[in-house]
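Student: I am new to this structure and would like to examine it step by step. May we begin with its interior and then turn to its surface?

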Amino acid sequence: SSGINAEYGKNFFSTLISLVVRAEKYLNVEVGSPFQEGLFKYVLKHPGDAIDLFLKELHEPSMNRMFYNFLNHKNGGPLRTHLCNNAMNLLGAISQHTHEGDYNAISDISQRYQEVLFQGTLICSLLVKHDPDFLNKHREIVTHLRNVWNQPQLQERFKNPDKLQIPTHQWREPKLLAKCLLRYLQCNPHDYELLFQLLRIYDAIYVPNIKFLQHHIQHNVIEGFSIDQRRACFFKFVEIFQLPNIQDRPPRWSQELKGKILQHIIVPMFQYSFERKDTERLIEG
C-alpha cells in the first residue's frame with residue numbers, strides 16, 4: 001500500500017510540475033511566474049521526489065530554469081542539502097543523458113548533450129557558491145568537471161562558439177567550469193596538472209574577464225608558493241614537456257598549452273624567485 005501511495009505521489013508531482021511549465025509557456029510568464037512560489041513550497045516538502053524529477057529532465061531548458069530557481073532560492077537550503085548529500089545522483093543523471101564515459105568517441109556533440117553538460121556545470125557552480133567545500137567532499141564530481149574541461153570537442157566549442165552555433169546561454173560555461181575547478185584547486189594547491197589545465201581558459205573567446213584566475217596565479221602561485229612547491233611545480237612541467245606524444249592519449253598537453261604554462265606560470269615564478277634572491281635555494285633545493 002505504501003509503495004502504491006509513493007508511486008502515486010511521484011506521478012502526481014510529475015504531472016503538477018509539467019502543468020506549471022506548460023502554463024508558463026502558454027502564458028509567457030516564466031519570468032516572475034505567479035505559479036512558482038506556491039509550487040516551491042510543495043517542492044520543499046518533497047525534496048527527494050522533486051530532485052529526481054528535475055534530474056530526469058536535464059535536457060529540457062524550461063525545467064532546468066525552474067530547477068535552478070528553486071535551488072538558488074533564499075529558502076532553498078533543504079533542496080541544496082539533499083542534492084549535496086546525493087551528489088552521485090547528479091552524476092548518474094548526466095551520464096544517463098550523455099552516455100558519458102568515452103568523451104573522445106563523440107564526434108558530433110548534439111544539442112541535447114551540450115545542454116545536459118552545461119546544466120550539470122551550472123548546478124555544480126551553484127552548489128559550490130553555497131558550499132565552498134562541496135567539491136572537496138565529492139571527488140567524483142571533480143573528476144567529471146575535469147573531464148568536461150579537457151574534452152577536445154568542448155574545447156573547440158569554447159574557441160569557435162559562433163561557427164558551431166552554440167546557444168548564447170552556454171557561452172559562460174568555460175568560466176563556470178574554471179571557477180568551480182579553481183575553488184577545488186585552492187583547497188588542493190599541489191594539483192599542478194589542474195593548475196596548468198586551467199590555462200585553457202585563455203582560448204575561450206567569450207570569457208572577457210579572467211581576473212579571478214590571474215589573481216590566483218599571481219598571489220597564490222607566483223608569490224604564494226614555497227620553494228618546495230615551486231620546485232615541484234617546475235618538475236611537473238618538465239615531466240609533461242618531455243612526455244612523448246604517443247603516451248599523451250587522449251591528447252591533453254598541446255604545444256600551445258605548454259607555451260601558456262611557460263608564459264603565465266613557470267617564467268614569472270622563476271623571475272619572482274630571482275628578484276627575491278632565492279635562485280640558489282630554488283635550483284639546489
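Predicted model: local features only at pLDDT ≥ 70, side-chain atom pairs only at ≥ 80, totals over all residues.

Student: On which side of helix α2 are the exposed residues found, and what are they?

Tutor: The buried residues of α2, which spans residues 36-45, are Gln 36, Leu 39, Phe 40 and Val 43. They lie on the same side of α2 because they cover an arc of only 105 degrees around the axis. The face turned away from this buried side carries the exposed residues Lys 41 and Lys 45.

Student: Is Gln 170 buried or exposed?

Tutor: Gln 170 belongs to the loop between α10 (152-159) and α11 (173-187). Leaving aside neighbours within four places in sequence, it is in contact with Gln 114, Glu 115, Phe 118 and Arg 157. Buried means under 20% relative accessible area. Gln 170 has 2% relative accessibility, and therefore counts as buried.

Student: What is the accessible area of the nonpolar surface patch that includes Tyr 26?

Tutor: Tyr 26 lies in helix α1 (residues 2-27). Tyr 26 is exposed, with a relative accessible area of 65%. Together with Leu 27 and Phe 35, Tyr 26 forms a nonpolar patch on the surface, whose accessible area is about 350 Å².

Terms used: Residues numbered from 1 in each chain as written. Heavy atoms only, no water. Buried < 20%, exposed > 50% of the residue type's maximum accessible area, 1.4 Å probe, protein only. Helix = DSSP H or I, 4+ residues; strand = E, 2+ residues; numbered from the N terminus. Arc of directions from axis to C-beta. Contact = heavy atoms within 4.5 Å. Patch = residues over 30% accessible without salt bridge, like charges linked within 9 Å, V, L, I, M, F, W, Y side chains within 5 Å. Areas by Shrake-Rupley, 256 points an atom, 1.4 Å probe, with all protein chains shown as cover. Salt bridge = Lys/Arg side-chain N within 4 Å of Asp/Glu carboxyl O.
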